[in-house]
Amino acid sequence: MELNGMQRPRRLRQSGAVRALVRETRIHPQQLVMPLFVAEGIAEPRPISSMPGQFQHTLDSLARAVEDSVDAGVGGVMLFGVPQEKDAEGSGATDPNGILNLATGFLAERFGDATVIQTDLCLDEFTDHGHCGVLDDRGRVDNDRTLERYNAMAIAQAEAGSQLLGMSGMMDGQVAAAREALDAAGREDVAILAYSAKYASALYGPFREAVDSSLQGDRKTYQQDPANRREGLREALLDLAEGADVVMVKPASWYLDVLSDVAEASTVPVWAYQVSGEYAMIEGAAANGWIDRDRAIAESVTSILRAGGDTVLTYWAIELARSLR
């Protein structure tokens with residue numbers, strides 16, 4: 001039966017070739033960033049049980065992972081350090097011979113501009129209390145004292161060879177403070193990625209294992225309330241005003257509304273972090289045969305880009321990039 005004037009959108013879905021031709025959102029390998037963990041004092045890569053397929057790396061295995069990333073066409077890597085010793089100030093974060101700075105220099109010398117070496121600029125992996133800043137005498141995170149530590153970290157990571165600093169601590173004024181410190185040190189070339197809208201999410205659980213977290217309590221006094229949408233945009237606008245080169249929404253999949261808001265308002269690239277819990281849920285469901293793993297991975301990343309993300313940090317970056325190429 002033919003009805004005059006009927007719209008027939010199905011014409012553009014009739015074959016794989018037609019669907020590919022009219023596809024609105026596409027994933028490119030260079031839109032992906034691979035998070036990697038490097039640990040001190042291990043002789044071989046250590047599997048992360050809650051994140052199947054991911055590891056705490058040695059320097060050698062880290063280099064092989066970065067080489068795989070480059071070969072796959074992935075845009076960059078984000079490094080997290082796992083030290084053997086921690087203290088209240090997170091001293092290892094600013095030690096030139098600390099694991100994160102050591103690994104950054106190792107990779108920068110080996111890979112140069114073949115990829116974008118990025119580093120997590122936060123104290124949580126290095127403090128014995130597991131918080132993202134130093135504590136005051138009442139056990140609360142001291143915002144302004146923490147900024148001093150962040151400034152020292154920014155310079156240390158820049159000197160080690162990081163090309164982009166991922167400021168994930170959610171301290172007020174952190175972007176402006178780090179930018180001023182970097183410029184004063186003659187490191188105007190180092191870019192700042194602001195984790196602008198970072199929520200106190202339940203999805204970070206596997207990451208705690210990945211970095212051997214020592215967290216006591218929670219981070220609700222500095223990470224955002226998951227119920228707040230407008231606040232995510234407010235934080236991003238503040239970071240833009242402070243000079244952020246890139247702004248980020250984290251987690252990604254459960255915060256696509258926030259990501260869309262930020263993307264609409266931002267004058268700089270907008271990234272999103274597909275975090276450990278997002279990874280673990282898909283891997284766990286796929287391992288039980290409940291979902292199609294490959295389709296779920298591609299669809300999840302596509303949804304983040306569709307919502308407005310320009311680049312996605314994802315633990316599937318290398319695998320997904322290979323499948324695309």
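Visitor: How much space lies in the second largest pocket?

Guide: The second largest pocket holds about 260 Å³ of space. This is a predicted model, in which local features need pLDDT of at least 70 and side-chain atom pairs count only at pLDDT 80 or more, while totals for chains, interfaces and linings use all residues. Residues are numbered from 1 along each chain as its sequence is written, and side-chain values use heavy atoms, without hydrogens and water.

A pocket here is an open set of points on a 1 Å grid over the protein atoms alone where a 1.4 Å probe fits, with protein on both sides within 12 Å along at least five of seven lines; lining residues have an atom within 4 Å of a point. The volume is the space filled by probe spheres set on points joined across faces, edges and corners.

Around the second largest pocket stand 15 lining residues, and V141, M170, M171, T221 and Y222 are the ones nearest its centre. Its lining consists of 4 nonpolar, 6 polar and 5 charged residues (Ala, Val, Leu, Ile, Met, Phe, Trp, Tyr, Cys and Pro are nonpolar, Asp, Glu, Lys and Arg charged, the others, including Gly, polar).

The largest pocket has about 300 Å³ of space. Its lining has 20 residues, with M34, G53, Q54, Y315 and I318 nearest the centre. By class, 10 of the lining residues are nonpolar, 4 polar and 6 charged. At least two lining residues come from each of the strands β1 (32-39) and β3 (55-57) and the helices α2 (59-72), α9 (276-287) and α11 (317-324); helices (H or I, at least four residues) and strands (E, at least two) are DSSP runs numbered from the N terminus.
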